[in-house]
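Please look over the sequence and the structure below before reading the notes that follow.

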Amino acid sequence: ASGGINTPALQAVEIVAHRGASHDAPENTLASVNLAWEKNTDGVEIDVYLSKDNQIVAFHDKTMKRTGGGTDLRIVDQTLAELKKLDAGSWKSPKYKGEQIPLLSEILPTIPEGKRLFIEVKCGPEIVPFLKADLKKAGRKADQTCVICFGSDVCRDVKQEMPELKVYWLSGQRKDKETGEWTPKLESLIETAQSIHADGLDLNANEKIDAEFVQQVKQANLGLYVWTVNNPDEANRLAKAGVDGITTDRPAFLRDALEK
Ligand code: G3P
Ligand code: CA
């Protein structure tokens with residue numbers, strides 16, 4: 001695929017484990033990331049923020065309420081030392097008690113050869129220099145990491161600073177209940193992706209994405225990834241339509257369910 005990755009091992013649809021193997025293990029922890037690699041996923045997606053002391057950590061929500069020990073403390077107001085004391089595993093299962101919030105720099109060394117980490121930036125462009133430093137220090141090959149973000153400003157800055165990295169702009173289309181129209185229009189998504197020099201789009205999976213839709217994206221020389229699909233029928237439909245990758249909470253289950 002044009003803006004997708006094109007190594008022989010990944011010619012089939014790329015399976016990306018959403019927040020790690022998050023159906024089975026606590027999302028955005030080393031346990032869920034490593035479990036996803038063990039399940040032979042092609043990619044792992046994580047969410048990242050900058051801590052108060054400018055460390056890049058993996059976490060999804062803005063606060064600690066759901067997955068960080070139950071308080072309403074905000075992640076960006078905590079130092080790394082404070083975050084490291086929290087239990088990010090018990091909410092999922094007592095088996096994961098004491099699982100910590102990981103640094104990006106702890107996740108980067110886990111990426112196996114031929115696989116890649118999708119780093120979703122959940123904060124603003126202030127993270128970019130720190131991201132560049134972490135990636136450089138880890139010495140990962142450029143094709144072992146990529147960046148995704150809903151913020152087009154972040155995508156643009158990442159691409160400017162690290163042109164060798166693939167960047168996919170996250171967006172979503174919604175169907176208007178009254179008019180039946182899908183917004184934003186695909187043409188407008190393509191235009192924005194091109195204007196920020198993104199390598200592709202990463203969209204919410206929906207019924208509008210069919211072979212013609214995929215064709216239109218590919219003609220614009222962009223890759224197309226979709227999130228978050230746990231239903232085998234929907235995954236097969238999207239794979240047949242030609243998407244480059246599918247993000248799922250259940251990488252092994254979905255890989256098995258995809259028609260060969
Ligand atoms: O892969 C994109 C997807 O993760 C975006 O939604 O809320 O799960 O971060 P969210
Ligand atoms: Ca995400």
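## Helix H1 and its cover

In this predicted model, the buried residues of H1 are covered by elements that include strand E1 (14–18), strand E2 (43–50), helix H3 (104–107) and helix H9 (251–257). Helices (H or I, at least four residues) and strands (E, at least two) are DSSP runs numbered from the N terminus, and contact requires C-beta atoms, placed from the backbone, within 7 Å. The buried residues of H1 are Leu 30, Ala 31, Ser 32, Val 33, Leu 35 and Ala 36, where buried means 20 or more other C-beta atoms within 10 Å of the residue's own, exposed means 12 or fewer, and partly exposed lies in between.

Local features need pLDDT of at least 70 and side-chain atom pairs count only at pLDDT 80 or more, whereas totals for chains, interfaces and linings use all residues. Residues are numbered from 1 along each chain as its sequence is written, while chains are lettered from A and ligands numbered from 1 in the order in which they are written.

## Trp 37

Trp 37, found in helix H1, is partly exposed because 19 other C-beta atoms lie within 10 Å. Leaving aside neighbours within four places in sequence, Trp 37 is in contact with Val 44, Thr 110, Pro 112 and Lys 115.

## The largest nonpolar core

The largest nonpolar core has 64 residues, of which Val 48, Tyr 168, Val 226, Leu 238, Val 243 and Ile 246 touch the most other members. Helix H1 (residues 30–38) gives the largest share of this core, 5 residues. Such a core is a set of buried Ala, Val, Leu, Ile, Met, Phe, Trp, Tyr and Cys residues joined through C-beta atoms within 7 Å.

Note on methods:
Contact = placed C-beta atoms within 7 Å.
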